[in-house]
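Thanks for coming, everyone. I'll keep this brief. Please have a look at the model on the screen, and then I'll walk you through it.

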There are 2 protein chains.
Amino acid sequence: MTKTTLERRSGISLWRQIAQHLHEEIKSGELQPGSKLPTEPHLARRFGVNRHTVRRALSVLQEEGLVSIEQGRGTFVRTPNADYHPGEDAHLSGNIGREGREAGGELITSRHLAAEPKVAAALGLRPGEDVILLELLHLVDHRPVSIASHYFPAHRFKGLEKRFLKSHSITQALKSYGIADYMRKRTKVNASLPNSEDARVLKMPRGQPVVVAENVNVDLDGKPIEFTISRSAGGRMQLMFER
Amino acid sequence: MTKTTLERRSGISLWRQIAQHLHEEIKSGELQPGSKLPTEPHLARRFGVNRHTVRRALSVLQEEGLVSIEQGRGTFVRTPNADYHPGEDAHLSGNIGREGREAGGELITSRHLAAEPKVAAALGLRPGEDVILLELLHLVDHRPVSIASHYFPAHRFKGLEKRFLKSHSITQALKSYGIADYMRKRTKVNASLPNSEDARVLKMPRGQPVVVAENVNVDLDGKPIEFTISRSAGGRMQLMFER
DNA sequence: ACGTATTTGTTCGTATGTATC
DNA sequence: GGATACATACGAACAAATACG
């Protein structure tokens with residue numbers, strides 16, 4: 001048992017430090033999935049804190065889904081579910097129009113950045129290529145209901161930010177590049193807890209989930225022109241797919 | 001300050017009882033949105049418990065989004081966000097096939113019950129009318145990914161449970177009632193945290209959100225025949241709407 | 001501007017209950 | 001039944017953020 005020292009009166013509470021420490025040990029593989037963590041009294045001695053402090057940290061890991069705490073048995077590293085990739089047998093399919101996206105919203109940020117692998121793959125680019133990000137806040141009745149990050153290949157849409165501001169409509173801006181029409185190619189829907197920034201902007205508690213929808217729009221030739229990730233406050237609005 | 005008595009060693013922990021009590025006071029409107037709750041020491045005296053016990057209960061309400069706790073200021077009833085009903089400007093539309101639903105799954109429960117208002121409205125019945133509930137667990141690679149509650153009007157589909165068990169397919173069972181074909185009318189997608197039962201069945205932590213999809217299927221005359229509420233483990237599978 | 005009271009946040013200590021091994 | 005391990009509850013003290021005179 002190596003005693004791990006924490007920084008006391010550092011401004012960061014001990015349970016947060018412990019949670020972060022254990023989080024990293026799990027993510028790094030030092031603590032293998034399925035393995036049993038040391039007992040609470042053991043961890044308390046290791047970190048030199050009270051058992052309550054350890055319990056507070058463990059409850060955070062449980063909420064994150066990293067461990068499962070089982071009374072009388074112990075605390076175990078959960079088998080990650082990231083290794084599962086949804087196959088053809090686990091999805092719904094259909095055609096989605098592009099209604100609703102015209103409403104646009106308030107522009108939060110607009111900048112260039114290097115495409116992360118996920119964005120690059122969606123847009124058919126190489127990771128690191130220049131992309132434009134427009135981040136819009138969607139308000140309904142003066143209440144924020146969703147944030148959407150729109151990514152575009154920069155080489156094809158130089159100056160998109162300015163053209164967007166003229167009409168305040170993505171569709172209009174794209175038209176000025178000769179994109180007469182485009183269509184939604186794929187939409188993936190998922191749920192997660194909001195990061196602190198999204199929670200703040202959406203004025204929602206971090207414990208309340210958001211619906212995350214990712215979709216790719218392609219032009220009439222089938223080339224990807226836009227990748228969107230939207231986060232909608234759970235309970236505040238509902239994505240609706242209607243016939 | 002009216003002292004509220006709790007049931008000690010009733011099998012339900014004190015903090016749960018307090019959380020439920022305050023939850024109801026908020027939902028009933030006894031505690032108005034924006035109003036300040038009594039201080040923690042005050043609540044502790046009122047319920048005759050330690051301040052820690054009150055804090056545990058308050059943290060639950062905070063995670064539920066019912067209150068916001070602010071250091072140095074107090075605890076306040078949050079303005080509810082349930083008063084927003086998504087309108088035409090806040091939805092996506094499109095056609096959704098019914099692929100993926102054939103995969104069916106393992107039957108968890110099958111019973112009759114009185115239609116709750118929500119179910120009744122979806123099926124075009126009066127609240128309290130007899131409905132059949134089939135609850136299916138959907139497995140992929142031996143891992144549970146979603147639970148779906150399927151509601152049917154009982155008067156139209158007598159003995160549906162048995163017919164379902166013969167083919168293990170809802171579509172097949174409906175065919176035996178002369179339903180040649182039917183279609184998805186509307187799908188609403190949302191996110192929430194799972195109840196303890198769903199979390200247990202899906203083998204997921206309660207802190208991790210689920211995607212909740214509600215949809216109504218109608219026959220070729222447009223009459224509702226099935227109302228489905230599915231809960232999918234966030235991160236484990238993705239609903240996919242594809243062109 | 002400052003000090004003080006109020007209110008929530010963190011940490012420790014202790015005791016007892018409940019589930020599992 | 002006994003030992004182990006997590007769950008609940010109480011009490012005390014101090015820290016940190018806020019409100020107020």
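Let me start with a backbone contact. A polar backbone atom of B:G72 sits 3.5 Å from a sugar or linking oxygen of DNA strand C. Which elements give two or more residues to the surface near that strand? From chain A, they are α1 (14-27) and α3 (51-63). From chain B, they are α2 (40-47), α3 (51-63), β1 (67-70) and β2 (74-77). Keep in mind that this is a predicted model.

The protein places 26 residues around DNA strand C. The closest are A:R8, A:L14, A:T53, B:R51 and B:R55. Take A:R8. A polar atom of the A:R8 side chain lies 2.6 Å from a phosphate oxygen of DNA strand C. A:H52 goes to a base instead: an N or O atom of the A:H52 side chain is 2.9 Å from a base oxygen of DNA strand C.

What do the strand's own atoms look like here? Of the atoms of DNA strand C within 4 Å of the protein, 70% are sugar or phosphate, and the rest belong to bases. On the protein side, the surface near DNA strand C has 5 nonpolar, 13 polar and 8 charged residues.

Now strand D. There are 25 residues around DNA strand D. A:R55, B:R8, B:L14, B:H52 and B:R73 come nearest. B:R8 has a polar side-chain atom 2.3 Å from one. For B:T53, an N or O atom of the side chain is 2.7 Å away. For B:R73, the distance from a polar side-chain atom is 3.0 Å.

The elements that each supply at least two residues near DNA strand D are α3, β1 (67-70) and β2 (74-77) of chain A, with α1 (14-27) and α3 of chain B. That surface divides into 4 nonpolar, 13 polar and 8 charged residues. Of the atoms of DNA strand D within 4 Å of the protein, 72% are sugar or phosphate.

Last stop: helix α5 of chain B, residues 160-167. Which of its residues are buried? They are B:L160, B:E161 and B:F164. These residues lie on the same side of α5(B), because they cover an arc of only 100° around the axis. B:K162 and B:K166 are exposed on the other side. The cover over the buried residues includes β4 (106-114), β5 (130-140), β6 (143-153) and α6 (170-175) of chain B. Just after α5(B), B:H168 has a positive phi of about 60°.

Technical notes
Residues are numbered from 1 along each chain as its sequence is written. Chains are lettered from A and ligands numbered from 1 in the order in which they are written. This is a predicted model: local features need pLDDT of at least 70, side-chain atom pairs count only at pLDDT 80 or more; totals for chains, interfaces and linings use all residues. Side-chain values use heavy atoms; hydrogens and water are left out. A residue is near a molecule or strand if one of its heavy atoms lies within 4 Å of it. A polar contact is a pair of N or O atoms within 3.5 Å; within protein, one must be able to donate a hydrogen and the other to accept it, and residues adjacent in sequence count only if both atoms are side-chain atoms. Helices (H or I, at least four residues) and strands (E, at least two) are DSSP runs, numbered from the N terminus. Ala, Val, Leu, Ile, Met, Phe, Trp, Tyr, Cys and Pro count as nonpolar, Asp, Glu, Lys and Arg as charged, and the others, Gly among them, as polar. Buried means under 20% relative accessible area, exposed over 50%, partly exposed in between (1.4 Å probe, protein chains only). The arc is that of the directions from the helix axis to the C-beta atoms. Contact means heavy atoms within 4.5 Å.
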